[in-house]
Amino acid sequence: MDKSSSEEESDISESEIDVYAEKPYELMKNGNYKVKVKDTFRCPFCSGKKKQHYKYKELLAHASGVAKGSSSRSAKQKANHFALAKYMQNELAGDSDVPRPQIPSSSSKQSQAVVDDVYVWPWMGIVIYPVRRTDNNYYLLDSAYWSKKLACFDPFEVKTLWLEQDSVVAVIPQFNSGMSGFKSATELEKEYEIRGCGKKDWSDKRGDWRSKTYGWCARSDDYNSQGSIAEYLSKVGTLRSFSDICKEEIQNKNSVVDDLANKIAMTNENLNKVQYKYNQKAISLREVLKEKDALDRTYKAESKKMQESSRDNLNRIFREKERLNNELEAKMNNLKIWSRQLDKKQALTELERQQLDEDKKKSDVMNSSLQLASLEQKKTDDRVLTLVEEHKRKKEEILNKILQLEKESDSKQKLQMEIQELKGKLQVMKHEDEDDDDVKQKMKKMKEDLEEKCSELQDLEEFNSALMIKERQSNDEIQEARAVLTTELRELLSERTIIRVKRVGELDEKPFMRACKQRFTAEEAAVQHAILCSKWQENLKDSAWHPFKHVGTGDKKTEVVDEEDEQMKNLREEWGEEVKNAVKTALEELNEFNPSGRYSVPVLWHSKQGRKASLKEVIDYMTQQLKILKKRKRVA
């Protein structure tokens, strides 16, 4: 298999897919590529994937999805998977695990009878209840009563009819149009046949027939008969054979399976894209980490180089100091020897004594100069040691600052890092040979860079401060203008204007009034309406009640009203959907405009679009109204 696949290394064009698909199709047909392995299936063209075993439908969906895949797939991959899909449909169709609807019957004759029967569809049953003298006709004609009584058969709708001729109540339960509905209808029929109360028993009416309840599944003879039952059946249903319904059910299921297979293929395609993007991000991250490691190594190498340079300079200074000390000691020893020799000499003449005195004075002066030079050298040594200690301390501070600044990445922190780095380099260069022209030029250039960076940092801080002050002033002015407009326009605007002042968070009382009028008299409805509105307005103000939930993830995460909250569910069940929606709208407005206070607040509102109006919309609307008012004054 690997040898055959390696023979085709070059890619093919989109137009050659159908032609190229013939070769892998023949290889699969001849057994070169194994698709079915025992009871499972595998893709011979995706051997590197984790998933190797599929069901029939899963592999067919995989092959179809890749064959119809995006442009990121090569034409060769599409052709191979196109051939795989074709091979499965043509050669392995018998291994499909698509379920077939089962006819709930015990014998072949009965099954054939069920298939040949013509039923009323959607599936319906017929229950006949002869009315006795002691029965309450009101309850017997109530659909809810029969829905509860026939609940074990799971009808989704029940219709009751009064048959005056036989003084009976006809109950027609309607089931869902699928095979589960057929099962419920046949179970109803069997239940009554076991009791001896089937359709045949109703037709015969033997013995005390009025004491029994009869039932059966609605068929063509019921549909084509005369009377109220036939009229209702022809109104809500049609006649269809069981075989036609089964065929349609199979087609629907096959359609659903195909849709799901396409969705699975698209999902797999999207998963592959996400995996590809993930791999790209991982590669990019590895490259960034490599760059970071390289920068770290460079930084450590530079730091080591600077430390070695500083150490070499210190060693040079110490060697120079030691040489000067040795020379000084040698000269002092020579002077002592010379002084002793002069003392031994005896001057025979005055001239010689004067000459000797002068030489002694010169020797004393030179000795004094040498002692001063020794003291000066000692002071220089102390200063050098002090500078060395200061240099070490400064170097440690600079290294600590650099390590801290490595964790920050914004522009201000970068500037600070550059400034500290320049300062550190300047401190190091101060201990180098200041007579070196190159060192002086570097120090001058670094001082200029340092002043430029400091100026840039100061300008950036001043600019940011000015922007923040300006933004706060603008926000304060906007809020003040909105508050003034809300207060002043409250009396000028009405419910019918496009822009109006609305108290968001207040209940809309109209749904409450409509619900109360449906249950109570006019006077009692007004009282109940006032009580109900007052109660739920207080509930809205209760901060302990928080019927909200979070939906979505990440940036799309929002907070919405939880309709499964206990109070919301009770309100819907007791007063209906419209009243529940009124409370839900008030909760959403409170949560948006005043979540902390939980009381209604006045807001400038755009009535046509049902949202908060912007200041620009309010000003444009008021300007338009002023223009209209001026035109009216001119006409008058």
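Mentor: Start with Pro122, which sits in the loop between β3 and β4. The model is predicted, so read every value as computed from that model. The peptide bond that leads from Trp121 into Pro122 is cis, and its omega is near 0°.

Now look at what surrounds this loop. The largest nonpolar core has 41 residues, and those touching the most other members are Trp123, Ile128, Trp146, Ile229 and Leu233.

Take Ile229 as a way in. Leave out residues up to four places away in sequence, and Ile229 touches Ile126, Ile128, Leu161, Leu163, Ala170 and Ile172. Apart from this core lies another, of 21 residues, with Val561, Met568, Leu571 and Leu590 among them.

Two other loops deserve a glance. Asp154 lies in the loop between α7 (143–149) and β5. Its phi is near 60°, a positive value in a residue that is not glycine. Asp154 has 55% relative accessibility and therefore counts as exposed, the cut-off being over 50%. Lys205 is in the loop between α9 (199–204) and β7. Phi is positive at Lys205 too, near 55°, again in a residue other than glycine. With a relative accessible area of 29%, Lys205 is partly exposed.

Next, go to the helix pairs. Two packed helices are described by the angle between their axes and the distance between those axes.

Helix α2 (residues 17–29) is where Tyr20 is found. α2 packs on helix α4 (residues 75–91) at about 50°, with the axes 8 Å apart. That angle makes α2 oblique to α4. Their crossing is right-handed. From α2, the contact includes Ile17, Tyr20, Pro24 and Met28; from α4, it includes Lys78, Asn80, Phe82 and Tyr87. By class, this contact holds 12 nonpolar, 2 polar and 7 charged residues.

Zoom in on two of its members. Tyr20 has 15% relative accessibility, under the 20% limit, so it counts as buried. Tyr20 and Lys78 are 58 residues apart in sequence, yet their C-alpha atoms are 9.9 Å apart in space. Asn80, in helix α4, is buried too, because its relative accessibility is 11%. Setting aside neighbours within four places in sequence, Asn80 contacts Tyr20, Pro24 and Phe45.

The other pair is helix α16 (residues 509–519) with helix α17 (residues 522–541). They pack at about 140°, with axes 9 Å apart. α16 and α17 are therefore oblique to each other. α16 passes α17 in a right-handed crossing. Glu509, Phe512, Met513, Cys516 and Lys517 of α16 meet Ala525, Gln528, His529, Leu532, Cys533 and Trp536 of α17. Those residues divide into 7 nonpolar, 2 polar and 2 charged.

Finally, step back. The protein has 20 helices and 13 strands. Of its 636 residues, 31% are buried. Among contacts between residues at least 6 apart in sequence, 62% join residues at least 24 apart.

Key: Residues numbered from 1 in each chain as written. Predicted model: local features only at pLDDT ≥ 70, side-chain atom pairs only at ≥ 80, totals over all residues. Heavy atoms only, no water. Axes fitted to C-alpha atoms, helices over the stretch in contact; angles between N-to-C directions. Helix = DSSP H or I, 4+ residues; strand = E, 2+ residues; numbered from the N terminus. Parallel < 35°, antiparallel > 145°, perpendicular 65-115°, else oblique. Left-handed = near helix turned anticlockwise from the far one by under 90°. Contact = heavy atoms within 4.5 Å. Nonpolar A, V, L, I, M, F, W, Y, C, P; charged D, E, K, R; others polar. Core = buried A, V, L, I, M, F, W, Y, C linked by side-chain atoms within 4.5 Å. Buried < 20%, exposed > 50% of the residue type's maximum accessible area, 1.4 Å probe, protein only.
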